[in-house]
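Colleague: I would like to go through this model and ask how each label was reached. Please set the value against the rule each time.

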Amino acid sequence: MALAATTALALPATAAHPATPATALPVEAPVTAALLPTSPHRAFDPDPARASLKRLLPSRASQFTLVPVPRPASGDYFTVSGEPGAIVVRGTSPATLLTGAGWYLDHVAGVDIGWPGDSVGRLPATLPAVEGEITRSASVPHRYALNDTDEGYSGAYRDFASYQRDIDLLALHGVNEVFVPTGAEHTYYETFQHFGYTDAELRAWIPGPAHQGWWLLQNLSGFAGPVSRQLVDARADLGRRIADRLRALGMTPVLPGYFGTVPPGFAERNPGAATVPQGNWVGFERPDWLDPTGPVFDQVAATFYRVQQQQFGDTDMFKMDLLHEGGTSGPVDVPSAAGAVQQALDSAHPGATWVMLGWQRNPSAALLSGVDRSRVLVVDGLSDRYDNLDRDVEWGGTPYAFGTIPNFGGHSGLGANSGAWVSRFHAWLAKPGSALRGIAYLPEATGGNPAAFDLFTELAWGSEPIDQKTWFAGYASRRYGGEDPHATAAWEQLRLGPYSMPSGTWSEPQDSLFTARPSLTATRAARWSPSAMRYDAARVENALVELLQVAPKLRTTDAYRYDLVDVARQALTNRSRVLLPRIRTAYEAKDLATFRALVSEWNADVELLGRLVGSDQRFLLGPWLTAARSWGADSAERDRLEYDARSILTTWGDRVPSEGGLRDYANREWSGLLQDLYGPRWRVYFASLDHALVNDTAPVAVDWFAVDDAWARGHASYVTRASGDPVALAGEVLAALGRQPSRSQESQPPESSRSPEQRPSSRSQESRTVSSAR
């Protein structure tokens, strides 16, 4: 856990001198899946935390002693102390013990375990001592993580080891509540066999795993199916293992609740049931909604929760969103329906908390008026996006978590509205009568943008607002395992650029035009992305200049190499927003020579970008597709799952929803996608424009959906191992941008103010001629 200050906070009076002895734990500790006691006065088993620490630090875990302490009424806390090679962490849960260990690594040992990237290889053989005793307390009880879409966009075909790594990282960063949709289809599958549906009907209704998040939100059904029974069972087993791992660490698995989604024809098969058609969602037909106030709802809900508990175990938090993104209530009274949904939940799990997503106009005042708000938690997806928000007033005192969605679709872009995080969270928390009770980290995909994850989760573990300049300087040091002036300068540039985007309109950075559907007027790849730069692009170029001058001893860290590729990728990507308007100008002026030179530059940039991202495993398409195929029982199922995994990144759906706005929603700048889809699309397009200029004709129209769909349904294989030297490739990017590592960044004017003569000198003669002619 990364925190800005190192001063110790006062311990709660009830825990100032914990009586539990500081007994060293065995390195090889068994991991129990049993539900931990919830009483703050009962001891817990720290062995699961020890096992996590051994996975994270296999050669240093034995130097930690983990000591359980009771949780006081004031909430979770940890303390860190110890001599060289003998670090003692006390904490109020296994996960909090890991949070304390993470704090030690960040602020005493000076290394980072990020999501992704780490510098643990820089740890000394004997861990350094702690000066005095450090104590940190959680400022809020709810530290929630994961969007409904995360599994789909982060990889629905991961194995348990991958999920386990994610859980370890979430605990290390202080999270204690995690949404677990994996295997939820098993609950629906088993439930509705009790209400007149066959095995085949239900398997056809359930979508492929990558699209199931939107099925659980009642937006669609059936796409990329049918699923097989073996897949349903395998994912249910995986979901149980994920939930058990969370429980073993004292974290809460947040499971999908039941709010009325039913298969087609439910009312005809179940006398007395009343269903409301939900219309369409971006071209998909939505599943019907069973009226929660009717006589059959309670029966379905009771069956659902019984089946769910048998498979996934117990919990006391359930995620549900009624009428998500355009759902219709029809003749149903919304307050009464909400009350009935909560009553069904309470009957199955007395006292359980209903988790709702704060998104668009939800939850509405009408919905909240029908429930016991004290047992609701709204995880706000818009806390940092818009200005003049007052969630206490809007939600009538309903407990809520300050949340962020810093990317949509898992876009590759660097950055976040982090200024809004550090200025708003503590201010909202300190308001008289504030209902703020947590944080909610809600990117649509995790596993990228590690600085954002680190900074946001820290909000819950400090009593004062974070000073960003100090924080980013500290982050630069631990990120690469040592102080370096160039690393500090690089992250200061990133802080001033992509990590200082303003609130008011968007919570994420602009996406790439290299991944956009070809058009001379393209301003974004995804329909709902920002249409212009949200920060000064020169800041990222400056950061790349500095990163390439970091000391060689720090360049060996995984974190450095990941960040170098990511920053170089972003710097080159931003160039697309400069080049495309110039290409358009040349085309409209019918200047064939300039047009061809600029197109050559564009194509060279895409080619270089593909080689750059191919040098890091986390930017490869191959593992994504290989994982999907590995879940299939036969060739036909493997092909269906591959289509599920390919389409979520590209077409998203069939022609109508794809063209309705979902196409290129994820637009990942990944090796494989760049070389086989995005690059070829632009080459075909530019060739048609070239032909039009030469022959004075209109460009040939292209059915882009057909192009994309053919790729999504293909089965070409892609490499699963990275190749190439990230440092050398980042240097190529810098040269392509006309920058040199030896130059002072102050001598480089912003891209928008550069003269043509300052454009890249490493391009072809055509490109140099264009620059001098403009």
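Colleague: What makes arginine 638 count as partly exposed?

Modeller: This is a predicted model, and the value is computed from it. Arginine 638 has 27% relative accessibility. Buried means under 20% and exposed means over 50%, with partly exposed in between, so 27% makes arginine 638 partly exposed.

Colleague: Where is arginine 638 found, and what does it touch?

Modeller: Arginine 638 is found in helix α22, residues 635-647. Not counting residues up to four places away in sequence, arginine 638 touches Arg629, Gly632 and Ala633. Arginine 638 and leucine 625 are 13 residues apart in sequence, and their C-alpha atoms are 9.9 Å apart in space.

Colleague: Why is histidine 173 called buried?

Modeller: The relative accessible area of histidine 173 is 3%. The cut-off for buried is under 20%, so histidine 173 is buried. Its place is in the loop between α4 (160-172) and β6 (177-179).

Colleague: How do you know that the side chain of histidine 173 makes a polar contact with leucine 169?

Modeller: The side chain of histidine 173 reaches the backbone oxygen of leucine 169 at 2.9 Å. The limit for such a pair is within 3.5 Å, and 2.9 Å meets it.

Colleague: Is serine 434 buried or exposed?

Modeller: Serine 434 has a relative accessible area of 10%. Buried means under 20%, so serine 434 is buried. This serine lies in the loop between α14 (418-430) and β17 (436-441).

Colleague: Which backbone atoms does the side chain of serine 434 reach?

Modeller: The side chain of serine 434 reaches the backbone oxygen of tryptophan 428 at 2.9 Å and the backbone nitrogen of leucine 436 at 3.1 Å. Leaving aside neighbours within four places in sequence, serine 434 is in contact with Asp392, Trp428 and Leu429.

Colleague: What makes β8 and β9 edge strands?

Modeller: 3 strands form an open antiparallel sheet in the order β8-β12-β9. β8 (261-262) and β9 (275-276) each have a single partner strand, so one side of each is left without a neighbour in the sheet.

Colleague: How do you know that β8 pairs with β12?

Modeller: Pairing takes at least two bridges, and 2 bridges join β8 to β12 (residues 288-290). The two strands run antiparallel. Valine 262 stands opposite aspartate 288 in β12.

Colleague: Which residues have the most contacts inside the largest nonpolar core?

Modeller: The largest nonpolar core has 231 residues, and Phe64, Phe192 and Tyr258 have the most contacts inside it. Helix α19 (residues 558-588) gives the most to this core, with 14 residues. Leaving aside neighbours within four places in sequence, phenylalanine 192 is in contact with several residues, including Trp205, Tyr258, Val262 and Phe266.

Colleague: Why does the radius of gyration of the chain agree with a compact globule?

Modeller: A compact globule of 774 residues would have a radius of gyration near 28 Å, and the chain has 26 Å, so the two agree. Along its principal axes the C-alpha trace spans about 75 × 70 × 50 Å.

Colleague: How many of the residues are buried, and how much of the chain is helix or strand by count?

Modeller: Buried residues make up 61% of the 774 residues. The secondary structure comes to 27 helices and 17 strands. Among contacts between residues at least 6 apart in sequence, 75% join residues at least 24 apart.

Technical notes
Residues are numbered from 1 along each chain as its sequence is written. This is a predicted model: local features need pLDDT of at least 70, side-chain atom pairs count only at pLDDT 80 or more; totals for chains, interfaces and linings use all residues. Side-chain values use heavy atoms; hydrogens and water are left out. Helices (H or I, at least four residues) and strands (E, at least two) are DSSP runs, numbered from the N terminus. Buried means under 20% relative accessible area, exposed over 50%, partly exposed in between (1.4 Å probe, protein chains only). A polar contact is a pair of N or O atoms within 3.5 Å; within protein, one must be able to donate a hydrogen and the other to accept it, and residues adjacent in sequence count only if both atoms are side-chain atoms. Contact means heavy atoms within 4.5 Å. A nonpolar core is a set of buried Ala, Val, Leu, Ile, Met, Phe, Trp, Tyr and Cys residues joined through side-chain atoms within 4.5 Å. The radius of gyration is taken over C-alpha atoms; the globule rule is 2.2 Å times the number of residues to the power 0.38.
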